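We will go stop by stop.

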Amino acid sequence: METTILGRTVKVKIHRPMGSMHPVYSSLLYELNYGEVEGVYTHDNELQDAYLVGVEGPVSEFTGQVIAVIHRDNSPITKWVVAQEGAIFYHDDILRQVNFQEQYFNITIDALYKVSAGFLVYREHPEREYLLIRLQDQENWSLPKGRIKRDELSWDTANRELYEEVGLSVDSVETTHFVLEYDYRDQYHKKIILYLGSIDTEQEVMKHPKIETYAWMSYDKAYQAVAGTYWESIIVSAEQWLNPIPLQ
């Protein structure tokens with residue numbers, strides 16, 4: 001986590017404005033303003049490159065907040081992402097916006113605002129049970145989930161993570177989803193999109209090595225397992241959705 005960089009206020013001098021072409025690769029159109037951070041030098045004594053997001057039209061300079069740091073694999077090169085102070089851009093949105101240039105590289109991103117997706121899975125066995133997992137070296141129970149990757153929608157991520165972590169595929173999906181948001185240790189803001197789906201009882205869990213254990217739990221046991229954690233509201237909301245109170 002780039003804790004000393006994220007949130008910093010910087011001034012960016014633009015040398016490749018939005019709508020301009022790359023000076024070498026003539027087919028590369030800059031969909032964002034792109035420039036250098038004033039007074040910040042990289043390992044090779046070059047000024048730090050930065051993208052601007054949330055800025056309409058070309059500009060010559062801009063003062064804003066660093067909201068993300070992009071890392072290119074096998075390279076010390078990083079690209080900062082700068083936006084207006086207080087603007088909220090989640091990492092998946094940033095990945096889409098910088099893709100016009102970063103599509104040619106394998107990248108990872110640290111961001112002030114992160115979004116993940118996953119599944120709360122249940123089965124009728126014959127009573128309803130919810131699937132909870134516990135990661136290695138973690139005390140609390142959790143749900144299968146993961147960060148949204150480049151070129152993925154939240155639905156794609158949820159299905160991929162469910163299969164990667166526990167080897168399951170949902171048989172039916174409820175027409176609802178839940179959103180959980182919280183601040184993580186004052187380092188970044190996290191949003192998790194959770195879908196609710198059921199599986200056939202014939203499917204068997206095949207857990208990923210990072211999963212220490214898993215359990216199918218009744219609502220009461222699942223509630224007790226996650227009480228006092230972020231997941232408590234999700235379990236309650238799911239049970240209320242599946243067991244709506246009839247109108248009087």
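A cavity here is a set of points, on a 1 Å grid over the protein atoms alone, where a 1.4 Å probe fits but cannot get out. Grid points are joined across faces, edges and corners, and a volume is the space filled by probe spheres set on the points. This is a predicted model, in which local features need pLDDT of at least 70 and side-chain atom pairs count only at pLDDT 80 or more, while totals for chains, interfaces and linings use all residues. Residues are numbered from 1 along each chain as its sequence is written, and side-chain values use heavy atoms, with hydrogens and water left out.

**Stop 1: the two domains.** Colour domain 1 (8-111) and domain 2 (115-242) separately. These bounds come from an automatic or database domain assignment. The C-alpha centres of the two lie 34 Å apart. Now look at the interface. There, 13 residues of domain 1 are in contact (heavy atoms within 4.5 Å) with ten residues of domain 2. Together the domains bury about 890 Å², 47% of it on carbon and sulfur atoms. Buried area is the accessible area (1.4 Å probe) that two parts lose on being put together, summed over both.

**Stop 2: the cavity.** How many cavities of 30 Å³ or more are there? The count is one. The largest cavity holds about 40 Å³ of space. Select Asp92, Leu95, Arg96, Ile148, Lys149, Arg150, Asp151 and Glu152, which line the largest cavity; lining residues have an atom within 4 Å of a point. Two of the lining residues are nonpolar, none are polar and six are charged. Ala, Val, Leu, Ile, Met, Phe, Trp, Tyr, Cys and Pro count as nonpolar, Asp, Glu, Lys and Arg as charged, and the others, Gly among them, as polar. Both domains give residues to this lining, so the largest cavity lies between them.

**Stop 3: strand E1.** Select residues 9-16, strand E1. Strands (E, at least two residues) are DSSP runs, numbered from the N terminus. Two strands pair if DSSP finds at least two bridges between them. E1 runs antiparallel to strand E4 (residues 61-72), with five bridges. Valine 12 stands opposite phenylalanine 62 in E4. E1 also pairs with strand E2 (residues 34-41), again antiparallel, over four bridges. Find lysine 13: its bridge partner in E2 is glutamate 36.

**Stop 4: a loop.** Zoom to histidine 125 and proline 126, joined by a cis peptide bond with omega about -15°. Proline 126 sits in the loop between strand E7 (113-124) and strand E8 (128-135).

Definitions and conventions: On a 1 Å grid over the protein atoms alone, a cavity is a set of points where a 1.4 Å probe fits but cannot get out, and a pocket is an open set with protein on both sides within 12 Å along at least five of seven lines; lining residues have an atom within 4 Å of a point.
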